[in-house]
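Q: I have a new structure to look at and I'd like to learn how to read it. Could you walk me through it one feature at a time?

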Amino acid sequence: MWKYYAVLSAFFAGLTAILAKMGLKGISGNLATAVRTVVILFISWGIVLAAGQMREVKNLSRHNLLFLILSGVATGLSWIFYFKALETGPVSKVAPIDKLSVPIAIGLSVLLLKESVDWKTIAGALLIVAGTVILIR
C-alpha cells in the first residue's frame, strides 16, 4: 500500500506547486504559508478525530514530541523557503530543486538513522541530482 500512498503524495506535491504559484498572485509567500498551514491544521486534526485516534495523544512521549516539533519546524522552514522561491521563480525550476530533498533524505537516513542503502538507491539519488542540474540550467 505504501507505494500507492507515495504516488498520491507525489501527485499532490506536484499539484501543490501549481496551485501555490497561482495563489501567490499579489500576496507574500509568508501569508500564503500561513493560510496553507491553517488549512492543513484543520484537515490533520479532522482526520485524527474522524479516525477516533484522539486517545493516542496520551501516548506521546517527550521523545515523540521533541522530534515531531523539530520536524514541524523543518517543515515550516521548508514551506516558507518554497513559497519564497515560487514568488519569484518558475515552478519548472523551483520544483526540481525542491526534489533534491530526496537525495538529502537518503543521505541523512544513512548518517542519522544508520539505514543501509544499495547501489540502486545511490544511483537513483545521483540521477535525481543530475536531473535537477539539467532541468535548472
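A: Accessible areas are worked out by the Shrake-Rupley method with a 1.4 Å probe, and for residues only the protein chains shown count as cover. For the protein chain here, the accessible surface is about 10400 Å², and 74% of that belongs to carbon and sulfur atoms. Before we go on, note that this is a predicted model, where local features need pLDDT of at least 70, side-chain atom pairs count only at pLDDT 80 or more, and totals for chains, interfaces and linings use all residues. Residues are numbered from 1 along each chain as its sequence is written, and side-chain values use heavy atoms, with hydrogens and water left out.

Q: How many helices and strands does the protein chain have?
A: Helices (H or I, at least four residues) and strands (E, at least two) are DSSP runs, numbered from the N terminus. By that rule the protein chain has six helices and zero strands, so reading from the N terminus you get α-α-α-α-α-α. Along the principal axes, the C-alpha atoms fill a box of roughly 50 × 45 × 25 Å.

Q: What share of the 137 residues in the protein chain is buried?
A: Buried means under 20% relative accessible area, exposed means over 50%, and partly exposed is in between (1.4 Å probe, protein chains only). Buried residues make up 14% of the 137 here.

Q: Which residues does T132 touch?
A: Contact means heavy atoms within 4.5 Å. Not counting residues up to four places away in sequence, T132 touches P96, I97 and L100.

Q: What do contacts say about the protein chain as a whole?
A: Look at contacts between residues at least 6 apart in sequence: in the protein chain, 75% of them join residues at least 24 apart. Leaving aside neighbours within four places in sequence, K21 is in contact with L86, E87, T88, G89 and V91. K21 and V91 are 70 residues apart in sequence, and their C-alpha atoms are 7.2 Å apart in space. K21 counts as partly exposed because its relative accessibility is 28%.

Q: How do I compare distance along the chain with distance in space?
A: Count the residues between the pair, then check the C-alpha to C-alpha distance. L15, in helix α1, is 68 residues from F83 in sequence and 14 Å from F83 in space. For L126 and E87, 39 residues apart along the chain, the C-alpha separation is 28 Å. I122 and G107 are 15 residues apart in sequence and 9.0 Å apart in space.

Q: How much space lies in the largest pocket?
A: Rolling a probe the size of a water molecule over the atoms shows where empty space is left. On a 1 Å grid over the protein atoms alone, a pocket is an open set of points where a 1.4 Å probe fits, with protein on both sides within 12 Å along at least five of seven lines; lining residues have an atom within 4 Å of a point. Grid points are joined across faces, edges and corners, and the volume is the space filled by probe spheres set on them. The largest pocket holds about 590 Å³. It is lined by 20 residues, and the closest to its centre are F12, T16, R36, I40 and W79.

Q: Which helix gives the most to that lining?
A: That's α1, with seven residues. Helices α1 (2-23), α2 (29-50) and α3 (62-88) each supply at least two residues of the lining.

Q: Where does K114 lie?
A: K114 lies in the loop between α5 (101-113) and α6. Its phi is near 60°, a positive value in a residue other than glycine. K114 counts as exposed because its relative accessibility is 65%.
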